[in-house]
Amino acid sequence: MSNAQVLPLLEPEAVAPCCPPLTERPLSPDEAEVAARMFKALGDPVRLRLFSAVASHEGGEACVCDISDVGVSQPTVSHHLKKLKEAGLLSSERRGTWVYYRVEPSVLAAMGALLAGAAKAA
């Protein structure tokens with residue numbers, strides 16, 4: 001019998017947009033904190049590669065075993081994935097000995113909405 005812990009994936013509706021589009025109104029201090037955490041997490045090239053690997057993986061989720069080839073050690077990959085989860089960009093689920101990561105569509109939509117107005121204004 002396995003004592004592996006199953007971590008539930010976030011439901012898409014459970015992830016609320018962090019902030020309004022940047023051109024809609026100035027961000028509140030709380031909204032700015034959330035957005036800054038998200039951008040800080042993506043500001044590292046290894047994290048951005050891991051996020052991209054998960055987001056573009058077939059089926060919308062990726063086993064850590066499929067995305068860990070980013071030029072750093074496995075403990076460093078785990079550290080970066082943890083930072084992405086803490087920023088609310090990834091969710092995970094343990095299946096046996098492997099952890100599977102997912103970028104929820106609502107997260108991508110919220111990121112796009114935050115920047116969409118800024119792209120139109122440029």
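1. Cys63 is buried, at a relative accessible area of 1%, whereas Cys65 is partly exposed at 34%; here buried stands for under 20% relative accessible area, exposed for over 50%, and partly exposed for what lies in between, with a 1.4 Å probe and protein chains only. The count of disulfides is 0, a disulfide being a pair of cysteine sulfur atoms within 2.5 Å.

2. The model is a predicted one, in which local features need pLDDT of at least 70 and side-chain atom pairs count only at pLDDT 80 or more, while totals for chains, interfaces and linings use all residues. Residues are numbered from 1 along each chain as its sequence is written, and side-chain values use heavy atoms, with hydrogens and water left out.

3. Strands β2 (residues 91-95) and β3 (residues 98-102) run antiparallel and are joined by 5 bridges; strands (E, at least two residues) and helices (H or I, at least four) are DSSP runs numbered from the N terminus, and two strands pair if DSSP finds at least two bridges between them. The two strands form a hairpin with 2 residues between them, and Gly96 in the turn has a positive phi of about 65 degrees.

4. Arg95 has Trp98 in β3 as its bridge partner, and Arg95 also lies over the face of Tyr100, at 4.2 Å from the ring centre; the rule asks for NZ of Lys or CZ of Arg within 6 Å of the ring centre and within 35 degrees of the ring normal.

5. Val72, in the loop between α3 (64-67) and α4 (74-86), is partly exposed at 29% relative accessible area. Leaving aside neighbours within four places in sequence, Val72 is in contact (heavy atoms within 4.5 Å) with Val46 and Val77.
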